[in-house]
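Here is a short tour of a protein model. Keep the sequence and the 3D view open as you read.

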Amino acid sequence: MTAFADIKAAIVALLLQAPPLASGNVTDRRRAVQRTADEAIVVRLNRSPGDRGSIGGGPVDWDTQLALDLYTRGGDGDALLAATFARLRTLPELGLAGVEDSLADPEIEWDTEEAGDDLACNTIYFRVRHRTAGDTLTAWS
Amino acid sequence: MYEADLRAMFDDADSGVDATLAGSPVRGSFNNPTQRASLGTVGINTTDPTFWLCTADVPAEVDGVELVVPGAGTFRVRDVADDGMGLTILTLGKA
């Protein structure tokens, strides 16, 4: 498992810690939110520029951007946004080796739509600064 | 005569339903299919309720008024489209 997959899994686990956010509808799967769910969070890896430094075979430093799509049915999603951001702040290093900062450069995007339901999707973007070992994608330890 | 033909479209119990629009009785066709709203990256399933009725039955001020459809619920009119041929489509949202 790469360090990137470790990070995504750690974020999903963090959001599912009791009490779970979005009634436990937290996933990294790419499928539409079903009508039975009033809230849902989709965790996705966005992109990750890396820096190999000047030493061949040395560690690689990464700025991995993640995005959390926060879906809400029947409201503007502001409460879920606040709860999610607060949860992300509770575990600065995600409990993972090689992670220096797990909530760098946060950015929020808001979107709403009126259909049969009032819908909102607020997206939190942030960067995880971390290191992988010896020219690999395996977490630094 | 033409309006009578249009009204006949809603006579059938399968296609027509009695409803209440802004407190007045109307008859038309109610549909509420599932659609996917393209929010975020994966989208979210929702509904797209509409009510078709004769334009002659539509009150002058209909935007935002309530439509009650027995067995389906109470909705708020959020868009009005006159087809120019005697029918109007009300697009509905949560009341």
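Accessible areas come from the Shrake-Rupley method with a 1.4 Å probe; for residues, only the protein chains shown count as cover.

## Ground rules

This is a predicted model, in which local features need pLDDT of at least 70, side-chain atom pairs count only at pLDDT 80 or more, and totals for chains, interfaces and linings use all residues. Residues are numbered from 1 along each chain as its sequence is written, chains are lettered from A and ligands numbered from 1 in the order in which they are written, and side-chain values use heavy atoms, with hydrogens and water left out.

## Chain A

Chain A has two helices and seven strands. Helices (H or I, at least four residues) and strands (E, at least two) are DSSP runs, numbered from the N terminus. Along the sequence, the pattern is α-β-β-β-β-α-β-β-β. The C-alpha trace of chain A spans about 55 × 25 × 25 Å along its principal axes.

Of the 141 residues in chain A, 43% are buried. Buried means under 20% relative accessible area, exposed means over 50%, and partly exposed lies in between (1.4 Å probe, protein chains only). Now take the contacts (heavy atoms within 4.5 Å). Among those in chain A between residues at least 6 apart in sequence, 64% join residues at least 24 apart.

## Chain B

Chain B has one helix and eight strands. Its pattern reads α-β-β-β-β-β-β-β-β. The C-alpha trace of chain B spans about 50 × 30 × 25 Å along its principal axes.

Chain B has 95 residues, and 36% of them are buried. Among its contacts between residues at least 6 apart in sequence, 45% join residues at least 24 apart. Chain B exposes about 5,000 Å², with 51% of it supplied by carbon and sulfur atoms.

## Aromatic pairs

How many aromatic pairs does the structure hold over all chains? There are two. Rings of Phe, Tyr and Trp (its six-membered ring) pair if their centres lie within 6.5 Å; planes under 30 degrees apart count as stacked, over 60 as edge-to-face and the rest as tilted. In chain A, the ring centres of Phe4(A) and Trp62(A) are 5.1 Å apart and their planes stand at 85 degrees, so this pair is edge-to-face. The pair links distant parts of the chain: Phe4(A) sits in helix α1 (residues 3–16) and Trp62(A) in strand β4 (residues 60–73), 58 residues apart. Phe4(A) has a relative accessible area of 11%, so Phe4(A) is buried. Trp62(A) counts as buried too, at 15%.

In chain B, Phe30(B) and Phe75(B) form a tilted pair, 5.3 Å centre to centre with 45 degrees between the planes. Phe30(B) lies in strand β2 (residues 24–31) and Phe75(B) in strand β7 (residues 73–82), so the pair ties together parts 45 residues apart in sequence. Phe75(B) is buried, at 9% relative accessibility.

## The largest pocket

The largest pocket holds about 200 Å³ of space. On a 1 Å grid over the protein atoms alone, a cavity is a set of points where a 1.4 Å probe fits but cannot get out, and a pocket is an open set with protein on both sides within 12 Å along at least five of seven lines; lining residues have an atom within 4 Å of a point. Grid points are joined across faces, edges and corners, and a volume is the space filled by probe spheres set on the points.

The pocket is lined by 13 residues. Thr27(A), Arg31(A), Ala32(A), Val33(A) and Gln34(A) lie nearest its centre. Strands β1 (26–27) and β2 (39–47) of chain A each give two or more residues to this lining. β2(A) gives the most, with three.

## A buried glycine

Gly43(B) lies in the loop between β3 (34–37) and β4 (44–47) of chain B. Is Gly43(B) buried or exposed? Gly43(B) is buried, with a relative accessible area of 4%. Leaving out residues up to four places away in sequence, Gly43(B) touches Ala32(A), Val33(A), Tyr71(A), Arg36(B) and Ala37(B).
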